[in-house]
Amino acid sequence: VGWGVQAEMEIADTMRRDQVRRSVLIFMLFFVPALAMAGKMVTVKVQKSTVFHEPNFFSRSVVSVEYGDQLEMLEELKDWVHVAFRGQRGWIHKSSLTSSKFNLGTVFVGTSSPSATHDEVAIAGKGFTPEVESGYRQSHREMNYALVDEIESYRLENDSLRDFIRQGGLKIGEAQR
Amino acid sequence: MKARILILLLPVLVGCATATEVATTVGVGTGVITSGQKQAIDQTATKAERAVRPITDREEYYIGRGVAARILSQYRFYNDSETIWYVSHIGNTLAINSPRPYTYGGYHFAVLDTDEINAFACPGGIIFITRGMLKLVHNEDELAAVLAHEIGHVVQKHGLKAINKARWTEVVTTLGTEAARAYTGAQLDSLISLFEGTIDDVFQTLVVRGYGRGDEHEADKVGIGCLQASGYDPAEFHHLLVSLKAAQKGGAGGFLSTHPNITDRIEKVSMGLKSAGESPAPPERIARFKRSASSW
């Protein structure tokens with residue numbers, strides 16, 4: 001009987017140790033990457049984008065973001081990133097983001113000099129800029145920029161696109177979720 | 001002996017900024033090169049490393065606008081609001097189902113008023129389709145296939161590949177290492193000239209020469225993915241290419257002069273479609289195509 005009790009105690013002890021190991025493993029797998037990601041800043045690299053309530057283009061808009069805005073990255077889900085921005089949280093598509101340590105404002109207004117960097121947004125203050133386009137337009141008046149501006153000003157309403165997709169038996173970006 | 005030198009050099013190597021600097025430091029330490037040679041190699045490498053920095057999404061946008069402006073100075077714009085509405089809705093449906101739903105300035109779709117059978121994707125997402133191409137397609141799914149292929153070029157940034165590498169290197173060299181607050185007059189003149197050359201590089205590929213075979217296959221592949229994700233029948237892509245081939249036999253120019261490998265593409269696309277099986281188009285999709293097509 002004594003041997004049996006000891007054996008049971010050893011088994012219980014082994015099970016407890018396994019449980020602890022499993023808990024540590026679960027913590028490592030799920031929480032450590034989340035902690036590592038929390039606080040990482042990402043920068044908006046497109047003119048305008050939207051932070052949605054859910055990872056879906058037709059979800060409610062939480063906040064609009066612009067080129068150079070810095071967002072705190074909370075988690076990733078396929079092509080979507082859960083972010084915090086000005087006290088609000090939501091989902092933004094990763095194609096509108098880049099990793100950056102730099103404050104873009106300083107690049108554009110020229111109040112300080114950024115370090116030499118290959119970072120996409122930080123270097124975008126130089127190169128082919130509106131200033132270069134303006135110079136090109138002045139010397140090439142035959143180029144039809146007025147029509148380009150008109151084409152770019154054409155915006156689709158989100159509701160209109162959603163109805164078009166539904167009525168045509170198409171899909172609402174499920175692949176992106 | 002050399003191993004000992006390397007160990008002694010370790011603290012120095014740790015402080016080196018680039019792989020080239022590590023190599024040249026070792027080279028000096030082991031007596032392979034002189035310190036003067038090291039300096040020259042480091043300077044050249046720094047220039048080269050700067051040169052490889054990619055074109056940003058924002059620069060891609062300005063290049064694309066320039067290419068679009070040039071196309072619009074050669075073709076007439078088809079200003080029919082219903083057609084623009086219809087094409088833009090199809091295009092945006094595909095774009096949100098693409099691997100790159102966001103570009104710097106977003107996707108914009110426009111129609112060129114010409115009988116030429118063609119479509120162009122400017123870097124950054126301005127996409128043109130001609131009335132000739134609109135007249136060629138038989139249904140919304142075929143029209144979606146044309147736009148999906150063009151979105152494929154935008155996703156893969158094929159237009160930017162057309163830019164002369166030496167020209168882009170010169171752009172980066174002109175910018176220099178200093179984060180200047182404003183361009184000097186000479187810098188700006190040089191950049192404007194390089195911008196013009198860059199636009200010309202892309203325009204020549206889009207409108208005159210056409211993309212290479214590899215880029216076309218890649219755009220087809222991305223396009224088929226967009227069609228499937230959007231719920232369009234990718235088999236219509238195949239039908240579209242067959243129609244284009246028939247038009248090619250009829251001697252039509254435009255698209256067919258810049259997309260010469262249609263037979264090859266038909267074969268590749270057919271292979272990629274084996275597993276696809278979409279439900280037939282609902283009546284509303286058929287009806288709206290007929291309504292729009294009546295004005296083309």
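1. A polar contact is a pair of N or O atoms within 3.5 Å, where, within protein, one atom must be able to donate a hydrogen and the other to accept it. In this predicted model, 14 residue pairs are in polar contact between chain B and chain A, counting pairs with both residues at pLDDT 80 or more. On the side of chain B that touches chain A, helix H4 (residues 57-74) of chain B gives the most, with 13 residues. By class, that side of chain B has 34 nonpolar, 18 polar and 16 charged residues.

2. The extent of the interface can be stated in two ways. As contacts, 62 residues of chain A meet 68 residues of chain B. As area, the two chains bury about 5,700 Å² between them, and 63% of this is on carbon and sulfur atoms. Within chain B, the residues that lose the most area to chain A are B:Arg58, B:Arg65 and B:Tyr102, which together make up 14% of what that side buries.

3. How many salt bridges are there between chain B and chain A? The count is 4. The side chains of A:Glu152 and B:Arg65 meet in a salt bridge, at 3.1 Å from N to O. B:Arg65 is also among the residues of chain B that lose the most area to chain A.

4. Over all chains, the count comes to 22 salt bridges. The side chains of B:Arg100 and B:Glu60 form a salt bridge at 2.6 Å, N to O. This pair links distant parts of the chain: B:Arg100 lies in the loop between H5 and S1 of chain B, while B:Glu60 lies in helix H4 of chain B, 40 residues apart.

5. The largest pocket holds about 1,000 Å³ of space. It is lined by 36 residues, and the closest to its centre are A:Arg155, A:Leu156, A:Asn158, B:Asn92 and B:Tyr102.

6. By class, the lining has 18 nonpolar, 14 polar and 4 charged residues.

Technical notes. Residues are numbered from 1 along each chain as its sequence is written. Chains are lettered from A and ligands numbered from 1 in the order in which they are written. This is a predicted model: local features need pLDDT of at least 70, side-chain atom pairs count only at pLDDT 80 or more; totals for chains, interfaces and linings use all residues. Side-chain values use heavy atoms; hydrogens and water are left out. On a 1 Å grid over the protein atoms alone, a cavity is a set of points where a 1.4 Å probe fits but cannot get out, and a pocket is an open set with protein on both sides within 12 Å along at least five of seven lines; lining residues have an atom within 4 Å of a point. Grid points are joined across faces, edges and corners, and a volume is the space filled by probe spheres set on the points. Ala, Val, Leu, Ile, Met, Phe, Trp, Tyr, Cys and Pro count as nonpolar, Asp, Glu, Lys and Arg as charged, and the others, Gly among them, as polar. Contact means heavy atoms within 4.5 Å. Buried area is the accessible area (1.4 Å probe) that two parts lose on being put together, summed over both. A polar contact is a pair of N or O atoms within 3.5 Å; within protein, one must be able to donate a hydrogen and the other to accept it, and residues adjacent in sequence count only if both atoms are side-chain atoms. Helices (H or I, at least four residues) and strands (E, at least two) are DSSP runs, numbered from the N terminus.
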